[in-house]
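Welcome, and thanks for taking a look at this one with us.

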Amino acid sequence: MNYDEITALVHNTKTIIFDEKMAHTVTVKGAADYVTKVDVAVQEYMREKLGQLSPGIRLLSEEQENKDLDPAESFWILDPIDGTTNLIHDYHMSAVSLAHYENKQIRFGIVYNPFTEETFHAVRGKGAYLNGAPIQVSHREELDTCIIAFGSSPYEKDKASMLFPIFQKIFMKTADFRRSASAALDLCYVAAGRVDGFLEYNLKPWDYSAGSLIVEEAGGRITDWTNHPLPYLQNASVLTATPEIYEKLRTFL
């Protein structure tokens, strides 16, 4: 697999993402859940180009129906725009997230924010990188010095009464919280040492698959909330952190 060619495809989506008319053509899928013409256009562009480069690999993507997912198959796992609400609001925290799933693990992951021109990527066993430079987690050890990113699960606001007490307990023991509204970018920020941990309830495979490998290759720990490996083809509540604070964070869940 030539991942350089795949990276070039992801970078080519910038023109689509920067089309303001498409970005502001919005369909409401559910509570705080939106899709724009950009999401659909990026997905269809990647479907066509990935199909040409790797015709034997299925596409698992947000803006389509995903059925009969056999873990023994290979998949491209795509979030055409992670952070659609941010895109609509011109918040500049939106990313294309793409992972290659094979042999029941993620082999390659890339997360690209065209607004900042930051590309995070990893190939299994070869480290994690930001714009070609190696990155690693912060390795901070004391919770009170750590910044934690979190996702508020805006599509499931009925879970707020369960989730926000958890967030409050973590907040009281750490330096501060951050919320970008892009799980893919939050995972990459853990990998780059910008934040020290991240948690979010009930993420979709395309939200976390690429970022999970980037975190692992940067030296971080990542599991679901019950300390089990991530399933990749199913939803999961995700916890990631530096190895030094992972267990401390998990005690709050």
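## A glycine in a loop

In which loop is the place of G219? This is a predicted model, and in it G219 sits in the loop that runs between helix α8 (205–217) and strand β13 (221–224).

Is G219 buried, partly exposed or exposed? Its relative accessibility is 31%, and because buried requires under 20% and exposed over 50%, G219 counts as partly exposed. Once neighbours within four places in sequence are set aside, G219 is in contact with V137, H139 and P243. As for N235, 16 residues separate it from G219 in sequence, while the C-alpha to C-alpha distance between the two is 23 Å.

## The sheet beyond the loop

Strand β13 belongs to an open sheet of 5 strands with mixed pairing, ordered β11-β10-β12-β14-β13. At the edges are β11 (176–178) and β13, each of which pairs on one side only. On average, neighbouring strands in this sheet are turned by 20° against each other, with direction ignored.

Let us look at one pair inside this sheet. Strands β12 (residues 197–203) and β14 (residues 236–241) run antiparallel and are joined by 5 bridges. Within this pairing, E200 stands opposite V238 in β14.

## Helices against the strands

Which strands does helix α6 lie across? Helix α6 (residues 160–173) lies across β10 (147–150), β11 and β12, and runs at about 175° to β12. Helix α7 (residues 183–191) also packs on the sheet, where it touches β10, β12, β13 and β14. The direction of α7 makes about 155° with that of β12.

How many residues of α7 are buried? The helix is mostly covered, with 9 of its 9 residues buried. The buried residues of α7 include the charged residue D186 as well as L185, L187, Y189 and V190. After α7 comes G193, which has a positive phi near 80°.

Notes: Residues are numbered from 1 along each chain as its sequence is written. This is a predicted model: local features need pLDDT of at least 70, side-chain atom pairs count only at pLDDT 80 or more; totals for chains, interfaces and linings use all residues. Side-chain values use heavy atoms; hydrogens and water are left out. Helices (H or I, at least four residues) and strands (E, at least two) are DSSP runs, numbered from the N terminus. Buried means under 20% relative accessible area, exposed over 50%, partly exposed in between (1.4 Å probe, protein chains only). Contact means heavy atoms within 4.5 Å. Two strands pair if DSSP finds at least two bridges between them. Axes are lines fitted to C-alpha atoms, for helices over the stretch in contact, and angles run from 0 to 180 degrees between N-to-C directions.
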